[in-house]
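My entries follow in the order in which I worked.

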Amino acid sequence: MAPPLRLNAVAFISPQNHPILIRTFQKGQELKYHYVAHTSLDVIEERSQSPFAIRNRFAHQIYISFLAGGTTKPTDGYLGLLYAMDDVAAYGYVTPLKVKIVLALPLTDAVVRDAAVIMTFKALHMALYQAVSNPFLKLDVGSELGSDQLPYLVVGSAKWNTFRKRVDEISRALGNHTLS
């Protein structure tokens, strides 16, 4: 049995490549994981625009479905391992609304199962979906900003505490200790 995943950081990035939330679970490593999130954007953009990459991603999704016994649907937004750097492996996911989610996992000798990473991405995607679709969340953003950025610019405010708490709960469920 594979060991449980450990998250070093989670990054949510808007369709315009603005950070929505970068949550680190390693004390004193915030700048490092901001760098991981921003360098992941280059890989995500490269993979999503190349027709060859789209074919390879589809073949990879069919392969994952085959390994799971053919009972699962292909995962549309899962990009797999983006890159490995020093002691961090970055995995990527793109939601249907083009919000990018990047996971930074510690690089170890243990096998990281795609199914576990995909389930983590789906849980994080649902946390974002529930936060953005809250009808009672009043967005305090001026009208001078474009309407495509409205829900993402105020994610740091106190009204988004539930979203941050859900991200922390997902991290704890994976066996991490969350920092405040």
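This is a predicted model: local features need pLDDT of at least 70, side-chain atom pairs count only at pLDDT 80 or more; totals for chains, interfaces and linings use all residues.

**Entry 1, L79.** I began with L79, which I noted as buried because its relative accessible area is 9%, where buried means under 20% relative accessible area, exposed over 50% and partly exposed in between, with a 1.4 Å probe and protein chains only. L79 sits in strand β3, residues 78–85; strands here are DSSP runs of E of at least two residues, helices are runs of H or I of at least four, and both are numbered from the N terminus. I also looked up the spacing to I44, which is 35 residues from L79 along the chain, and found their C-alpha atoms separated by 7.7 Å.

Residues are numbered from 1 along each chain as its sequence is written, and side-chain values use heavy atoms, with hydrogens and water left out.

I counted five helices and five strands in the protein chain, and along the sequence I read the pattern β-β-α-α-β-β-β-α-α-α. Of its 180 residues, 40% count as buried. Taking contact as heavy atoms within 4.5 Å, I noted that, among contacts between residues at least 6 apart in sequence, 54% join residues at least 24 apart.

Which residues touch the most other members of the largest nonpolar core? They are F12 and F163, in a core of 27 residues, a nonpolar core being a set of buried Ala, Val, Leu, Ile, Met, Phe, Trp, Tyr and Cys residues joined through side-chain atoms within 4.5 Å. At least two residues of this core come from each of β1 (9–13), β2 (19–24), β4 (88–94), β5 (100–106), α3 (114–132) and α5 (161–173), and α3 gives the most, with seven residues. Another core, of 19 residues, lies apart from it and includes V36, A37, V43 and Y83. Leaving out residues up to four places away in sequence, I listed the residues that F12 touches, among them P19, I101, L128 and F163.

The axes of α3 and α5, as lines fitted to C-alpha atoms over the stretch in contact, come within 9 Å and cross at roughly 165°, with angles running from 0 to 180 degrees between N-to-C directions. The two helices are therefore roughly antiparallel to each other, a label for angles over 145 degrees. On the α3 side I found T120, A123, L124, A127, L128, Q130 and A131, which meet F163, R166, V167 and I170 in α5.

N17, in the loop between β1 and β2, has a positive phi near 65° and is partly exposed, with a relative accessible area of 31%. D86, in the loop between β3 and β4, has a positive phi of about 50°, and at 71% relative accessibility D86 counts as exposed.

Conventions
Angles under 35 degrees count as roughly parallel, over 145 as roughly antiparallel, 65 to 115 as roughly perpendicular and the rest as oblique.
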